[in-house]
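Visitor: Hi, I'm new to this one. Could you walk me through a few spots?
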Amino acid sequence: MRCQHCGHEVPEGSVFCNKCGYRMSNDMACPHCGKQIPATSVFCPACGKAVDQEVEPPTPASATRVANRTPQQGQTYNEQRRAAQQQAARQPVNAWQQPERDDDDDDDDDNEGGRSNYNRNLIIGAVLVVLAIALLSMLRHCNSQENDRLEARADSAALVADSSQDPMAVLTAELSRNSLSEDKAYTGCAVRFDSTDPDTPERIAGVTYKDDTDRPFIKLYTLTRDGSQWKTELGQTKYYDGRIISMDNSSLIADAMYVPRAVTVDGKQYLYFAFLNHLKGAGEGKNGRVTLALYDPEAKKLTTLTYDGQIRSRTDGRQYVYTRGPLESTSGSERRFLQQEAANIGAIRVATQEEIDAEEEAKAKEEEEKALEGEENADAKWDHDNAENMDKLKQGEEVKMKPTQYDKPIINMKEIKDKLENDRYLVFLDTKGSVVGFNKSTRKYFTIYAGKNGTASGISFNGDNSVLIKTAGGSITYDLVHDRAKTN
């Protein structure tokens with residue numbers, strides 16, 4: 001079969017052309033044999049007779065198949081063709097396919113029908129083009145509106161946050177809008193400075209921090225209201241190498257109503273905040289710090305007061321810094337203010353004077369004991385440990401002495417003046433008047449008597465386990481087994 005519209009070959013039995021979409025069933029009945037034939041046929045393809053004469057009405061069966069497209073009684077051939085062409089004009093066609101003219105058909109009516117189809121297709125095509133243009137324009141307009149909304153949302157992000165009266169949200173949104181959040185720092189705190197003076201713009205001061213890098217830092221920002229927008233400025237960046245920064249109130253053990261907040265000192269407005277900056281890996285007994293700070297958003301000036309000390313734990317498990325006071329001088333109104341605010345931060349515990357005195361005493365004792373360590377200080381340690389015992393001994397009391405044992409010799413063998421020995425002990429008297437014992441069983445050296453209390457002039461065994469020591473003030477008997485001494 002060939003399409004009557006474009007001439008394309010189509011499969012037998014097709015209802016529409018598979019190239020131009022033209023309907024293929026515009027048939028008429030042959031006036032001789034009653035077969036359904038194309039409406040444009042000059043001869044019947046079934047019986048071969050000419051069909052250019054009046055035809056009889058089709059049979060009911062044929063009428064059912066052609067449904068409203070059969071010729072009426074009394075119609076001529078040309079009338080039948082015109083009716084078929086008008087019926088075909090009412091069928092759907094591909095609006096983008098320009099109909100080809102039938103060069104073999106010289107009939108004026110046929111030309112008018114072709115022109116009608118051509119014009120109709122042009123109109124349909126034009127309408128579809130207009131609709132497509134309108135659709136593209138509408139999509140472009142919608143996309144433009146969405147872009148405008150996104151830009152407006154970005155431009156007004158701070159205002160959206162501002163409507164919630166949350167300075168932290170304003171700071172976060174403005175840093176993002178100004179591409180200042182690429183350092184991935186945390187938003188630590190932010191406060192609003194409201195002004196009743198119409199000439200003074202509204203301000204927000206805030207702090208961001210980062211502690212998971214080799215160079216932890218804090219950054220201080222000032223946001224100034226400029227009409228419907230905020231002007232954002234970075235005031236300072238302060239680094240804390242080797243330390244861990246934390247600004248949450250739980251770690252500070254502080255009430256949110258006190259830290260952070262806007263304060264006025266000497267008539268100037270400041271952002272007051274605080275943060276921990278412990279050493280990395282810090283824990284119980286290690287060094288920690290709490291820093292209190294005042295930031296002047298107008299002058300972009302930062303003043304700090306740092307409390308440094310040992311990290312300890314409270315009964316609830318939370319940690320604090322035990323300190324004697326701030327590292328910096330507290331002169332000046334700003335630092336005096338910070339010193340007063342330290343009382344509201346539980347992560348700081350300043351030692352009392354009594355505690356400081358006790359610590360000093362313990363420290364001195366520790367240093368003294370450290371100075372008495374080692375074999376070379378054996379006599380000095382014995383004098384230190386047995387000072388009270390020697391006083392009692394001089395008063396005639398028998399006392400338990402406190403000897404210290406050493407693995408190495410505590411006497412210069414070149415300075416030995418006298419020597420005693422039995423199965424269990426060796427006893428030496430040196431030229432300085434000190435007496436030293438050596439336990440053969442334990443292989444330990446120990447001081448029996450130090451010359452500070454009066455030089456010893458002679459030694460002798462008083463039984464198997466006792467030594468008699470002669471001094472300028474008398475003689476002392478020393479029990480080597482029980483380390484007990486008494487005057488004679």
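This is a predicted model: local features need pLDDT of at least 70, side-chain atom pairs count only at pLDDT 80 or more; totals for chains, interfaces and linings use all residues.

Visitor: Okay, helix H10 first. Which of its residues are buried?
Guide: H10 covers residues 387-394, and Asn389, Met390 and Leu393 are buried there. Looking down the helix axis, the buried residues fall within an arc of 100°, so they line one face of H10.

Visitor: Why would residues a few places apart point the same way?
Guide: An α-helix has 3.6 residues a turn, so residues three or four places apart point the same way.

Visitor: And what's on the other side of H10?
Guide: Glu388 and Lys394 are on that side, and they are exposed.

Visitor: What covers the buried residues of H10?
Guide: The cover includes helix H9 (378-385) and strands S14 (399-400), S19 (444-449), S22 (474-479) and S23 (484-487).

Visitor: You mentioned S19. Is Thr447 in that strand buried or exposed?
Guide: Thr447 sits in strand S19 and is buried, with a relative accessible area of 2%. Leaving aside neighbours within four places in sequence, its contacts include Ala378, Asp379, Trp382 and Tyr478.

Visitor: New topic: where is Leu252?
Guide: Leu252 is in helix H6, residues 249-252. Its relative accessible area is 0%, so Leu252 counts as buried.

Visitor: Which residues does Leu252 contact, beyond neighbours within four places in sequence?
Guide: Among them are Met247, Phe275, Val290 and Ile345.

Visitor: How many residues apart along the chain are Leu252 and Ile345?
Guide: They are 93 residues apart along the chain, and their C-alpha atoms are separated by 6.2 Å.

Methods:
Residues are numbered from 1 along each chain as its sequence is written. Side-chain values use heavy atoms; hydrogens and water are left out. Buried means under 20% relative accessible area, exposed over 50%, partly exposed in between (1.4 Å probe, protein chains only). Helices (H or I, at least four residues) and strands (E, at least two) are DSSP runs, numbered from the N terminus. The arc is that of the directions from the helix axis to the C-beta atoms. Contact means heavy atoms within 4.5 Å.
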